[in-house]
Amino acid sequence: MDKQTVQKVAKLARLAITDEEADKMVSELGGILKWVEQLGEVDTDNVEPLANVANIELRLREDEITDGGVQDDVLENAPESLEGFFVVPKVVE
Amino acid sequence: MAQLIQGETGEWEIVIGMEIHAQVIANSKLFSGSATAFGAEQNSQVSMVDAAMPGMLPVLNEKCVEQAIRTGLGLNAEIHNTSVFARKNYFYADLPQGYQISQYDQPIVGEGKIEIDLPDGSTKDIGITRLHLEQDAGKSVHDQHPSKSFVDLNRSGCALMEIVSEPDIRGPEEAAAYISKIRMILRYLGTCDGNMDEGSMRADVNISVRKPGDEYGTRAEIKNVNSVKAVQQAIEFEARRQIEIIEDGGEVDQETRLWDPNKMETRSMRSKEDAHDYRYFPDPDLLPLHVSNDQIESIRETLPELPDQKKHRFISDYGLSAYDASVLIAEQSRADYYEVVANDNDTKLAANWVINELLGILNKDDKHLDDSPISAEQLGGLIALISDNTISGKIAKDVFAEMYESGKDAAKIVDEKGLKQVTDTGAIEAIIDEVITENPDNVEAYRGGKDKLFGFFVGQVMKKSQGKANPAMVNELLKKKLT
Amino acid sequence: MSNLTNLTIAEALTGLENKDFTSVELTQAHIDAMEAARNLNAFIVETPEIALEQAKASDERRAGGNAGALDGIPLAIKDLFCTRGVQTTAASHILEGFIPQYESTVTTKLFDDGVVMLGKVNLDQFAMGSANTTSYFGNVISPWKRNDGSNAELVPGGSSGGSSSAVAARIAMGATGTDTGGSIRQPASFTGICGIKPTYGRCSRWGIVAFASSLDQAGAFGRTVEDSALLLKSMSGFDPKDSTSANKEVPDFAATLDQDIKGKTIGIPKEYRVDGMPDEIEQLWQQGIEWMKDAGANIVDVSLPHTKYALPTYYIIAPAECSSNLARYDGVRYGLREDGEDLIDMYEKTRAAGFGEEVRRRVMIGTYVLSAGYYDAYYIKAQKVRRLILQDFEKAYEQCDALLTPTAPSAAFAIGENEDDPIKMYLNDVFTVPASLAGLPGMSVPAGLDKHGLPLGLQVIGRRWDEETVLQVGRAIEKSANFKAVPHTITKAAA
Ligand SMILES: [Mg+2]
Ligand SMILES: [Zn+2]
């Protein structure tokens, strides 16, 4: 774990990060990752990954319109909205 | 007919693979109960789930799963009994969750294959790599304000099928043929309306070039090509661009590029590149999707006859040319129309009339077959009158024009206008005698050996009968009388 | 009528039914307690007006003879549950001012049974923490003090520290909590109350701000096992809006509570004996084993060989899921927005300013372990170990009906302790995380005091869907332990 990696990960996570924070993170993340790497000791050959412990079948929904039509509620908490749209700073492509 | 293009260093082959995003026909969204109709007021078809409010959870729409399976079967593809929804993580203003729920290493549909029809009447197989279900994003409007974008989430969460092809496509024509065939199949299946203007079908094109026989070159992915024409233009441009780079000793970058229909060029989308690590992982809010073979079979039983099956049946049962057959099956309604016209009629004659006369004039007035003033039964009636010699092909064209105007039946027009063909020997002989007495010199000349004049006599007779005399009888009787 | 705040929920329901007092009186007594104990910083938002309105409506229902199962009982709601019209923040700056236009399924069920909401209680930010020291709205303070005269302010445990503090301090009769790696059981242990996390899928997650979706479960705090059972019953049940919610009958937990555990087999996992664990916890555990024997249960030693790998597994899976779950906090549709010169700049500034240090740390770890090149080494590896941990429990349950362990490796510590190294803090959950990874029901019951007079809890872990046995064993501990100690805030009040 080095500063460059920390900055790249912060970019991926969309977190502004100062130089000082990046330095601090290098050791903190480094330490945590080193600690979790003890999993390397565990023999997991031909063990299936376990994604969810809910031992039920996925339920499917009927194709019915049961929601929506609540423009006001959807926009209620918006930091900025106009004429039914959310408004954001321009995306620079 | 993999068409090659000429560069300075010789011929190049264009290698194309496509990702088509097709919006699934369903009343509600993939994971929420909001409506999917096109063109609603902004953010009026958005639920708390679609807006990714805190604590909201996805629940899968069974119809979308059926539609994906149905489409997979239509693409002759393998349906997976188990598939997994995964999160594709990236930030964008119209991606409320900060991730798209998609399918990654376990899609619902695996490998398949379709047949595309090329302009020269030949066909080619194109491999399908996979089809997976995923959420659509919302829409950002960038051109309304100098420094702000406006976000509408109506489309956010609508179900898409991403159909990925093998890199089997060579050149713009094949690309166009591939898109139209996919579109045709989806429309036959009723799983997507294929409407590219409304964005319910969108294509991303992966293009690379190579010298024939070489390894694949580095590919660029072209986004935002939203019409068949645009796809062709984008391929033309991008192939040329890549060939120039290579021939100038450069290297093609693997990147995402945007088609600009106004500048007619592709341009790099670096901004999308910089954070290109989607961190796919199984969505912990959902469980693996299981579909049984019974479910798959019961869906298979409801499949309609698909374009290729129909085409081959038209060729074998109706004796049509591959070209005519593919024109007629291009749309289900067109094929159905034709089959009614051809019923108890000369099938080839029926095909000519549907394709050349009816589609011709509808095209001219840019009308769709559904609003044709002439019903299939009516056109069949007209063709029957030709077949039983009630009217000649020439008269039939006038009758057709009249039918198109008035919507009347052919038979009705024929009596009203008295266009019934004259087949009574006496009547025709009477006309012939008139013509002979009116043209003594020509009769002389003909009998003197000027055979070319025969046509002149036929013309005279037909003219006097206002085209109604049966041409075959006119010929026969004239020969008798003139010799 | 300050003694109203010392009643259990069961006692209060009887009193209400007997018209000894009204819900308005009961509620007012707790509102007074809430205001008197503001120094604990247990509440982010107090809702006394709503509470009194609900209490009035409750009294009318009761008068009309149609009171619900918990009608008129004043509770504290963890500020992770979205409540329609009442600010819901997950104790974060990024959600400050967010007013949900919807009600979580769990709080809906509670309100349907007639409960009264005193307010939204504090927690570790986005439920990430074990001491309630990561809240944007300040630390929560435990009502307990060490008896060594030191006036150190102690942590109430976390993440549900506002819930545990409020219930222990007799501000609320009970509280909702959520438990991802121990966030109900460890605070319960630290504050001398009961806390139960049911089987994953028992309570709907719909409307609960997500931390780690495959681990998050709602649960209940009560001062008795019976109160916990009553609350859990009300909170539980199938929800078609949550794809991981199980369509299962919810037993009447309180009804079977006193079935004795004679003949049941209790497993003692030897791997829970960790180095550095205080003797008094070891002793308490032994004591618990004796109580089980006295109650007629059989004791067996069982082995959960992968126990020591549970924490590292958890600290890959939970951050990975949270890094994705927290991507929606982007300043576009709700919550905080910091200005930026373009969209990306706005995102980065908003998220940096809106998330606290621990949240940012976990988002970073999660982003890293999911990123290209590390996914298999970290995330997939952790998912494989998670399966081995589940299999450990399944094997153990071939030999026993429930497991008995300490809840936490220590009693409550002072605010500021264990802050120097994140891993030190993470170790608090060493005994609670394994059951979370396996999705099993677990409960902490107060069982004794340490040498400083601070509460210590014992944990009961049950089979999937077998909360009934967990509660019965918990009840047996409760009877034997006869835990009567109360926080100094109460003794002071009484004196
Ligand atoms: Mg794609
Ligand atoms: Zn896609």
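B:Cys192 has a relative accessible area of 1% and is buried (under 20% relative accessible area, with exposed over 50% and partly exposed in between, for a 1.4 Å probe and protein chains only). Its sulfur lies 12 Å from the closest cysteine sulfur, that of B:Cys158, too far for a bond. With a disulfide taken as a pair of cysteine sulfur atoms within 2.5 Å, the count over all chains is 0.

This is a predicted model, in which local features need pLDDT of at least 70 and side-chain atom pairs pLDDT 80 or more, while totals for chains, interfaces and linings use all residues. Residues are numbered from 1 along each chain as its sequence is written, chains are lettered from A and ligands numbered from 1 in the order written, and side-chain values use heavy atoms, without hydrogens and water.

In chain B, 7 of the 7 residues of strand β10 (residues 159-165) are buried; strands (E, at least two residues) and helices (H or I, at least four) are DSSP runs numbered from the N terminus. B:Leu160, B:Glu162 and B:Val164 point one way from β10(B), and B:Ala159, B:Met161, B:Ile163 and B:Ser165 the other. Strand β7 (residues 123-135) of chain B runs antiparallel to β10(B), joined by 7 bridges (pairing requires at least two DSSP bridges), and B:Leu133 stands opposite B:Met161.
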